[in-house]
Structure formats: structure tokens, C-alpha cells
Amino acid sequence: MKKISSVFTLTAGMIVLGFMMSGCSAMDTAIKKRDLDVQTKMSETVFLEPVAPDKRVVYFDIRNTSDKEMNVKENIISAFKSRGYKITDNPNEATYMLQGNILKVGKSNLKEAQSHLGSGFESGLTGAALAGGASYALGGSNRGTAGAALAGAAIGFVGDALVTDVMYVMVTDLQIRERPLEGEVVTQTQKAYLEQGSSTTTKQDIKGGKVEWKTYRTRIVSTANKMNLEFEEAKPVLESALAKSISGIF
């Protein structure tokens, strides 16, 4: 009975140790990622000329070529109006023209998101290795110890499966145009290299005269990160973040 009791105590202790070690990554994720974290970054800063209130008129067209349905139009309209801008569907009336395309919306990670703007992310299943090491130190030949270590590792894997660090990313390309100030003359030169089969390239130089718009381009990357995050929770905050970032340019 004493031997059985000792084995039971050791087994219980190893299971607890295995759970603590194996589940440490899951526990760390649960603590650090319990709140929704939303971030928006812009690849290039755009500075627009200030204009009189009566000239704060914007024409915009936001398209979506991702595989997710995003409703950003109303958010953008609301954000512009809160800043005192009028929205028009006639480009000839506009002082500013905003064109955008949502390229991607989906699950990602920091490394992929920061391939556009940022840094890396990784997670490791260290539970099994730690539990196995504890088993070896206490005597790998002991069947009860080995079984306890495996049980602890299994619990750790279950913990990691139940607690997942989930990030959604939205990538949007923007082209912004503004009318030149009085007295400014803007000219445009365009170069194009067109592939003609595998051995021929056609080069075109297009030199234009005066143009009606000054043009800027930038990219916005928005991320939503939380433990076990579902898309339906991430979607509205990503839409709101994009609208806020776009209107902030103006």
C-alpha cells in the first residue's frame, strides 16, 4: 500500500507539474491576450494642403478584392463628416479624391503582417519537452513516472488547443489626390515596361503636360489580436480602424 501510495503521489505530482509546464504557453497567451488589441499602421505619411472649409469636399471609392465582406463605406463617410468634410459623387466638384482597395482580410500573425510593416511572432509547444525532461530526471525507467509525464504533456496539449493566439489582418492600398494650389503647375511623366512573350520587352515613355491632381500613395495595415478571436468580433473593429486612419490623413 505504501508503494502504491508513493506511486500515486508521484503520478499526481507529475501530472500537476506537466500541466503547469505544458500549459505555460497557453496560460501566458490567456493572460496577455485576454483583451482585444487593435493596431493600425501606415507605410508612408501623407501630408495634404489645408483648405478653406467650403473646399473640404471629398470624392472616394473604396473597393474590396479580398474574400471577406467588409462594410467600410458608412464608417468612412461618418468619419469624414465628423471632421467637417462633405462627400460628393462627382469628381469635378471634389478638392480631394480618395481611391482604395482592400487587398487582404484574414487570419495572420505578426511576422506576416509585418512583412508589410513590422516584426515577428512565434509560439512553441514546449510542454512535452519540459515534461519529458522532468521524467528523465526523476527516472525514465519508472513506468508510473513516464505515464504521469505523458499525462501532463497531454493536458498541456489540450490547454494549448483550447487557448489560441489569433490575429486578423486587413491590408488596404490607398491613392489620394488633391487639387494643386493656386499658382502651382503639376506635370506628369509615366514610364511603362510591357512584357511581350519571354524575350521581348516594350518600353513606353509618356510625357504629359499639366495635370489636375497631385497624387500620393500609401498602404494601411490594420490588425486585431486576441485569445480565441473570431472574425465576427474582429470585423467591426478593423472597419472602424481603417475609417479612422483614412480620415486622419485629412
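Which residues does Thr88 touch, not counting residues up to four places away in sequence? In this predicted model, Thr88 touches Val57, Val58, Tyr59, Glu93 and Ala94, where contact means heavy atoms within 4.5 Å. The place of Thr88 is in the loop between E3 and E4, helices (H or I, at least four residues) and strands (E, at least two) being DSSP runs numbered from the N terminus. With a relative accessible area of 7%, Thr88 is buried; buried means under 20% relative accessible area, exposed over 50% and partly exposed in between, with a 1.4 Å probe and protein chains only. Although Thr88 and Tyr59 are 29 residues apart in sequence, their C-alpha atoms are 5.2 Å apart in space.

Residues are numbered from 1 along each chain as its sequence is written, and side-chain values use heavy atoms, with hydrogens and water left out. Because the model is predicted, local features need pLDDT of at least 70 and side-chain atom pairs count only at pLDDT 80 or more, whereas totals for chains, interfaces and linings use all residues.

The protein chain holds seven helices and eight strands, and buried residues make up 34% of its 250 residues. Of the contacts in the protein chain with a separation of 6 or more, 83% are accounted for by residues 24 or more positions apart. The accessible surface of the protein chain comes to about 15,300 Å², of which 53% belongs to carbon and sulfur atoms, as computed by the Shrake-Rupley method with a 1.4 Å probe, and for residues only the protein chains shown count as cover.

Helix H3 spans residues 73-82, and within this helix Ile76, Ile77, Ala79 and Phe80 are buried. Seen down the axis of H3, these buried residues fall within an arc of 165°, so they line one face of the helix; the arc is that of the directions from the helix axis to the C-beta atoms. On the other side of H3, Glu74, Lys81 and Ser82 are exposed. What covers the buried residues of H3 includes strand E2 (57-64), strand E3 (86-87), strand E4 (96-108) and helix H7 (231-249). Just after H3, Gly84 takes a positive phi of about 85°.

H3 and H7 pack at an angle of about 40°, with their axes 9 Å apart, the axes being lines fitted to C-alpha atoms, for helices over the stretch in contact, and the angles running from 0 to 180 degrees between N-to-C directions. The two helices H3 and H7 are therefore oblique to each other, since angles under 35 degrees count as roughly parallel, over 145 as roughly antiparallel, 65 to 115 as roughly perpendicular and the rest as oblique. The contact is made by Asn75, Ile76, Ala79 and Phe80 of H3 and by Glu239, Ser240, Ala243, Ile246 and Ser247 of H7.

Thr223 lies in strand E8, which covers residues 214-227, and at 11% relative accessibility Thr223 counts as buried. Not counting residues up to four places away in sequence, Thr223 touches Asp37, Val38, Gln39, Ala113, Met167, Tyr168, Val169 and Leu238. Asn228 lies in the loop between E8 and H7 and, at 34% relative accessibility, counts as partly exposed. Most residues other than glycine have a negative phi. Asn228, however, has a positive phi of about 55° although it is not a glycine. Asn228 and Thr164 are 64 residues apart in sequence and 5.2 Å apart in space, C-alpha to C-alpha.
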